[in-house]
Amino acid sequence: MLLKFITTSLLMGFTLSVFAITPQDLLKIYEAQSSKASPSRGEQFFNAKHGKEWSCSSCHENPPNHDTKHIVTGKVIKPLAPNANPARFTDEIKADKWFKRNCNDVLDRDCTAQEKAEVLSWLMIVK
Ligand code: HEC
């Protein structure tokens, strides 16, 4: 019984440490899957349309450092830049889930690791 408790606690601690990351960690992960990111390309990517109706800034605005409104539902979206919102990019699963969904809305496909690295490298320097 005690052993089971200890094992469970260890596992939970392990899981938390696996999922709790920093934007710097996440950037390293994406760069390892592609190559060194260019923040200025990330800024361009974020503000451009990619064949569909919206850009990333349609919902997150530019600079994405304040509360914004979802272009369809009007719901408030918290700032995307980690300097303005420390909760951002601290959970790899959450970040990837939203990258996938938002990239599909904007590009009709998931973003590549290179595109994610570039957007994130730019977001990290937005004041
Ligand atoms: C139609 C509106 C909309 C568009 C366009 C949009 N997003 Fe989002 N985005 C959201 C919403 C809604 C959330 C989730 C709510 C939240 O986390 O505040 C979100 C969350 C995110 C997150 C989660 C970050 C985290 O760790 O919390 C990332 C990354 C993201 N968006 C990137 C992008 C990128 C890159 C683009 C352009 C390819 C984009 N978004 C375009 C609405 C949008």
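Me: Before I look at anything else, which residues in α2 are buried?

Reply: This is a predicted model, and in it the buried residues of α2 are Leu 26, Leu 27 and Tyr 30. Seen down the axis of α2, these buried residues fall within an arc of 100 degrees, so they line one face of the helix. As a general idea, an α-helix has 3.6 residues a turn, so residues three or four places apart point the same way.

Me: What does the face of α2 turned away from its buried side carry, and what do the buried residues of α2 pack against?

Reply: The face turned away from the buried side of α2 carries the exposed residues Gln 24, Asp 25 and Ala 32, while the buried residues of this helix pack against α5 and α6.

Me: How should I read α3, and which of its residues are buried?

Reply: In α3 the buried residues are Gly 42, Glu 43, Phe 45 and Phe 46. Viewed down the axis of α3, they fall within an arc of 165 degrees, so here too the buried residues line one face of the helix. The partners that the buried residues of α3 pack against are α4 and α6.

Me: Where do these helices stand in the chain, and in what order do the elements run from the N terminus on?

Reply: The protein chain has six helices and two strands, and from the N terminus on its elements run α-α-α-α-β-β-α-α. Of the 127 residues in the protein chain, buried residues make up 24%. If you look at the contacts with a separation of 6 or more, residues 24 or more positions apart account for 59% of them.

Me: How do I read a nonpolar core, and how many residues does the largest nonpolar core have?

Reply: The general idea is that, in soluble globular proteins, nonpolar side chains tend to be buried together. In this model the largest nonpolar core has 17 residues, and those with the most contacts inside it are Leu 27, Val 119, Leu 120 and Leu 123. The elements that give two or more residues to this core are α2 (23-33), α3 (39-47) and α6 (113-123), and α6 gives the most, with five residues.

Me: Which residues does Leu 27 touch, not counting residues up to four places away in sequence?

Reply: With those sequence neighbours left out, Leu 27 touches Ala 37, Ala 117, Leu 120, Ser 121 and Met 124.

Me: Turning to the ligand, how many residues surround it, and which are the closest?

Reply: The ligand is surrounded by 22 residues, of which the closest are Cys 56, Cys 59, Ala 95, Trp 98 and Asn 102. Both α4 (57-60) and α5 (92-107) supply at least two residues of this shell, and α5 gives the most to it, with eight residues. By kind, the residues of the shell divide into 14 nonpolar, four polar and four charged.

Me: What should I look for in the backbone, and where is a peptide bond cis?

Reply: The general idea is that most residues other than glycine have a negative phi, and most peptide bonds are trans. In this structure the peptide bond from Asn 62 to Pro 63 is cis, with omega near 0 degrees, and Pro 63 lies in the loop between α4 and β1. That loop between α4 and β1 also holds Glu 61, which has a positive phi of about 60 degrees although it is not a glycine.

Me: Which loop holds Phe 89, and is Phe 89 buried or exposed?

Reply: Phe 89 is found in the loop between β2 and α5, and with 22 C-beta neighbours inside 10 Å it counts as buried. Phe 89 has a positive phi of about 55 degrees although it is not a glycine. Glu 61, by contrast, is partly exposed, with 17 other C-beta atoms within 10 Å.

Technical notes
Residues numbered from 1 in each chain as written. Predicted model: local features only at pLDDT ≥ 70, side-chain atom pairs only at ≥ 80, totals over all residues. Near = placed C-beta within 6 Å. Helix = DSSP H or I, 4+ residues; strand = E, 2+ residues; numbered from the N terminus. Nonpolar A, V, L, I, M, F, W, Y, C, P; charged D, E, K, R; others polar. Core = buried A, V, L, I, M, F, W, Y, C linked by C-beta atoms within 7 Å. Buried ≥ 20, exposed ≤ 12 C-beta atoms within 10 Å, placed from the backbone. Contact = placed C-beta atoms within 7 Å. Arc of directions from axis to C-beta.
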